Amino acid sequence: LDMFGYWFHGQDPEEISEPADHITQEIHAEREGFLALSLHPRFTRAITNGKPSDADTFRHSGDLDFAFKPVAQLKAEVASLAANGMGTMFEDLIYPEGRIEPHTYTTLRPVCDAIAAIEPWMGGTPVPYVAVFFSKHTRLHFGQNDPGERYLLNFLGACKVLLESHIPFDIVTDRGLTAKDLSRYRALVLPNAACLDDVQNEAVRNYVESGGGLVSTFMTSLFDSTGKIRSDFGLGQVLGAKFRDTVTLPLSYLKFDAETELARGLPPDVPLLHRAIQTRVRVCAEAVAQGRIVYGQHGLNRLSSPCHPPEMSASTYPAMVLNSPGKGRSVYFPGQPDGLYAKWGHPEYKVLLTNAVTWAAGQAAPLQVDAPMCVEATLLAQPEQGRVVVHLVNYQPELGRTFTLTREKFVA
């Protein structure tokens, strides 16, 4: 099963893992994407309260046969799991007469040797800094028949930003969304966590007012845990925003002034394409609006085409809302920078979210890494050995160049 596939089978992964002492699962990286190798262990740790786990990443490419993935790719996959505290297992095929294929074990030998070399430094507990919330109720009730587009893109986009920015993070689920459990973290990310009950809203409110940081997007807290819409955000006082409505426009943009603190690193005054539904909000008196939603208008005054941005019409609605409830900090995006980054890879949204998390946390991450975004970095504490271990996985597998065949359409 893939990481979120449990719900397709009517199962709750937190409930079915309760009686187990050890968790084993499958990871289909070539189907789910290689981000799954980093998220599966974190998700499993969250739903099982840290029980030991391993995964079958599959040594073969495609069908169950004797065709192997490149050894460099196998090493990278296994190393990514190990860096996140998860073990690895491989399935084998036997011939009908019961004979095994020696080539299988010759090929896997260097992969196992590479892991054996770092075994003394494996294991430990992640050093807490940022928590990303996975909302089961949003996946079910807001996601409905299209959870990928309506929710999972937001969640995966937030995780992708943090991973590629080398910011340490854990995943927390509903059982971990309590003020006590959240107190370990400097910041909490709620990527379109639309469905939150009153108890969860109160826990997040207490966490932020006590000094925690919050980064949230889109419809966070606008629905209760059953999917019933509220008249306003359940976390409105924390977000510093009041819900007005939603708007879907094929051409809308976000635009920030050059002096906007959280827009540092962005090209000044360049509008960011926002091709997704967004909420329009009014800013509370104590909060600060940054940036504006800008609408594109096709007119007769100038050429308008996909290669020629249309004329712009600035609105009064903010692109970002900053608030400081109690001792904490909150950044709310009425749009979907997380989902857009997952879908389109716009680097500007990665910059925005990274800046937002760092500002909300109020202090730098415990690990600073200067490396390309393909490098995964994890930070694990091993108190019994009196040390903290940094894992760096340079994920450049020998995947080769890919292509996709599209169906030709002929119009008479």
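## Close-up views of a predicted model

View 1. At a relative accessibility of 52%, Gln144 counts as exposed, because the class of exposed residues begins over 50%. In this predicted model, Gln144 is placed in the loop that runs between α6 (136–142) and α7 (147–164). Although Gln144 is not a glycine, its phi is positive, at about 50°.

**View 2. His166, a residue with positive phi in the loop between α7 and β6.** His166 is not a glycine, yet its phi is positive, with a value of about 60°. The loop that holds His166 lies between α7 and β6. With a relative accessibility of 6%, His166 counts as buried, because buried means under 20%.

**View 3. The largest cavity and its lining.** The structure holds three cavities of 30 Å³ or more, and the largest cavity contains about 110 Å³ of space. Its lining comprises 14 residues, of which Arg42, Pro126, Phe169, Thr378 and Leu379 are the closest to the centre. At least two lining residues come from each of α3 (36–48), β6 (169–172) and β16 (375–382), and β16 gives the most, with four residues.

**View 4. The second largest pocket and the elements around it.** This pocket has a volume of about 380 Å³. Of the 16 residues that line the second largest pocket, Arg45, Ala46, Asn49, Arg184 and Tyr185 lie nearest its centre. The elements α3, β4 (125–126) and β6 give two or more residues to the lining of the second largest pocket.

View 5. Gln290 lies in strand β13, which spans residues 288–297, and is buried, with a relative accessible area of 14%. When neighbours within four places in sequence are left aside, the residues in contact with Gln290 are Phe256, Thr260, Glu261, Leu262, Pro318, Ala319, Met320 and Leu322.

**View 6. A nonpolar patch on the surface that includes Tyr105.** The patch is formed by Ile94, Ile100 and Tyr105, which together have about 300 Å² of accessible area.

Technical notes
Residues are numbered from 1 along each chain as its sequence is written. This is a predicted model: local features need pLDDT of at least 70, side-chain atom pairs count only at pLDDT 80 or more; totals for chains, interfaces and linings use all residues. Side-chain values use heavy atoms; hydrogens and water are left out. Patches are made of residues with over 30% relative accessible area and no salt bridge: like charges are joined within 9 Å, nonpolar side chains (Val, Leu, Ile, Met, Phe, Trp, Tyr) within 5 Å. Accessible areas come from the Shrake-Rupley method with a 1.4 Å probe; for residues, only the protein chains shown count as cover. A salt bridge is a side-chain nitrogen of Lys or Arg within 4 Å of a carboxyl oxygen of Asp or Glu. Buried means under 20% relative accessible area, exposed over 50%, partly exposed in between (1.4 Å probe, protein chains only). Contact means heavy atoms within 4.5 Å. On a 1 Å grid over the protein atoms alone, a cavity is a set of points where a 1.4 Å probe fits but cannot get out, and a pocket is an open set with protein on both sides within 12 Å along at least five of seven lines; lining residues have an atom within 4 Å of a point. Grid points are joined across faces, edges and corners, and a volume is the space filled by probe spheres set on the points.
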